[in-house]
Amino acid sequence: MNPGNMMTNPITQSTPLGNIQEGQEAVVIDDNNEEGENDKLDEDGEFHIPKRNKTSEAWEDFNEFEENGNYYAICRYCNKKLSRGKSKQTTSLWRHRNSCPSRKASLRQAAQQTKLNFQPADDAFPSIPPLHTGKFDMEKMREAAAHWIVMHEHPFTILEEEGLNIFLKRGMLEWQKIIRGVAKNDCVAVYELEKKKLKKKLRNVKKVSLTTDLWKSKNQKIEYMVIIGHWIDSDWKLQKRVLNFVHIPPPRRGVEIAASLFKCVKDWGIEQKIHTISVDNASANDVAIRVLRDDFSRSKKLLGGGLSEIADIVNKIRDSVDFVNRSETRLLLFAEIAQQLQIPGKKLLYDCRTRWNATFEMLSCAMKFKDVFPRFQDRDPLYDSCPAYEDWEKAEKVCSVLEKFWAATHVISGSEYPTSNLFLQEAVKIKKLLDSRENDENDFIRAMIRKMKAKFDK
């Protein structure tokens, strides 16, 4: 058969496609296309979203009804009745819509009012305000674009892409292209705004724990440290925020890590709220934590104000312990004097300045050798921080009180599950101690106990 002489047989929508014979042309006829919408799409060649019947924009301002076989449309603004006829053309609707004074007045009034944005309960965009003017705001669009870049880690250059700008310009004629430099500045501004909000929240937080992680970027060959804060909010929910992302060049010494950490918490205003710091197993972190203990101890008070009452005495004893332990020769000399005085033991304990119980243990150990230090001073002329007899006496009285706290701490922390029956017994012991020593005959102890009791009662 000659294809040139073949007649094409149109196939309607009712003909099954599986039954199309060779030489037949499949032409699908849409019975619902009353106004030739598909033909219009073919003619203008433009992109359109398919519309259903009677979705002309003119119908937004009219209500349709039928009366005695005649079709009418009533204007929703001025209630004017327009005859439609059976063909239901919209020409008269458009003419009235463009000239209706009531509609124009209503639109002017609506432009001056804010709109209520109803959102579902599980809305994924909580940052969109429920009230808005409905007007285009390029400043708000720039802010939203900055959030978009940060949220999805897009490059700043994404806002310069031609396709994206065509897309935005089609929907918003007022849209203006954002160059990469402006996008960068907007992202920094958004960061500073969010940082200000988080700082405000942290003012009401009592304890913050930190975790750090040091790692090296494979692509950039740059070493970083990320600092994350963890805390419990007022609703008893665990919160976690990245507080800083710091570049620390090699060899990443402990003093540099400590300086970066302290600068971070100082910047956030939480240097007096640090509860714990969790780090990975690196030797530099050991040095960092040791330095941070000294830094934090300058701004934090020890438990109950007890040891703070003898801060100068504690510093003297601490310096003495450090002086003796610093040299092997001094240790041997100190042990020799202790042996002559028949005092058992020869080792002095270091303390952690931010842990009152460690300081208490250091004082308790050093008090056993209180008679050794004066004789050690006579043999070593470089030793100049020997505590006086009155200093040892005050330290002993303070430690006699803190011993109850120390014992309670070990009972509670020594259990994997410190239930209330353990805690309450120790709390009662401490309260009885404070009540019994509140009116102590010694003025120094009485003043100290009253401060501790006020803090305990609180």
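Because the model is predicted, local features need pLDDT of at least 70 and side-chain atom pairs count only at pLDDT 80 or more, while totals for chains, interfaces and linings use all residues. Residues are numbered from 1 along each chain as its sequence is written, and side-chain values use heavy atoms, with hydrogens and water left out.

Let's begin with the rings. How many aromatic pairs does the structure hold? There are twelve, where rings of Phe, Tyr and Trp (its six-membered ring) pair if their centres lie within 6.5 Å; planes under 30 degrees apart count as stacked, over 60 as edge-to-face and the rest as tilted. Take tryptophan 215 and phenylalanine 245: their ring centres are 5.9 Å apart and their planes stand at 55 degrees, so this pair is tilted. Tryptophan 215 sits in strand E8 (residues 208–216) and phenylalanine 245 in strand E10 (residues 238–247), so the pair ties together parts 30 residues apart in sequence. Helices (H or I, at least four residues) and strands (E, at least two) are DSSP runs, numbered from the N terminus.

Elsewhere, Phe323, Phe334, Phe369, Phe373, Phe376, Tyr383 and Trp392 form one aromatic cluster. Two of those names come back in helix H12 (residues 372–379), where Val372, Phe373 and Phe376 are buried. They span an arc of only 90 degrees around the axis, which puts them on the same side of H12; the arc is that of the directions from the helix axis to the C-beta atoms.

Now to helix H5 (residues 162–171), whose buried residues are Leu164, Asn165 and Leu168. Their arc is only 95 degrees, so they too share one side of the helix. The face turned away from that side carries exposed Glu162, Phe167 and Arg170.

What do the buried residues of H5 pack against? The partner is helix H4 (138–152), with contact meaning heavy atoms within 4.5 Å.

H4 also packs with helix H6 (residues 180–202), at an angle of about 85 degrees and with axes 9 Å apart. Axes are lines fitted to C-alpha atoms, for helices over the stretch in contact, and angles run from 0 to 180 degrees between N-to-C directions. H4 and H6 are therefore roughly perpendicular, the word for 65 to 115 degrees; under 35 counts as roughly parallel, over 145 as roughly antiparallel and the rest as oblique.

Notes. Buried means under 20% relative accessible area, exposed over 50%, partly exposed in between (1.4 Å probe, protein chains only).
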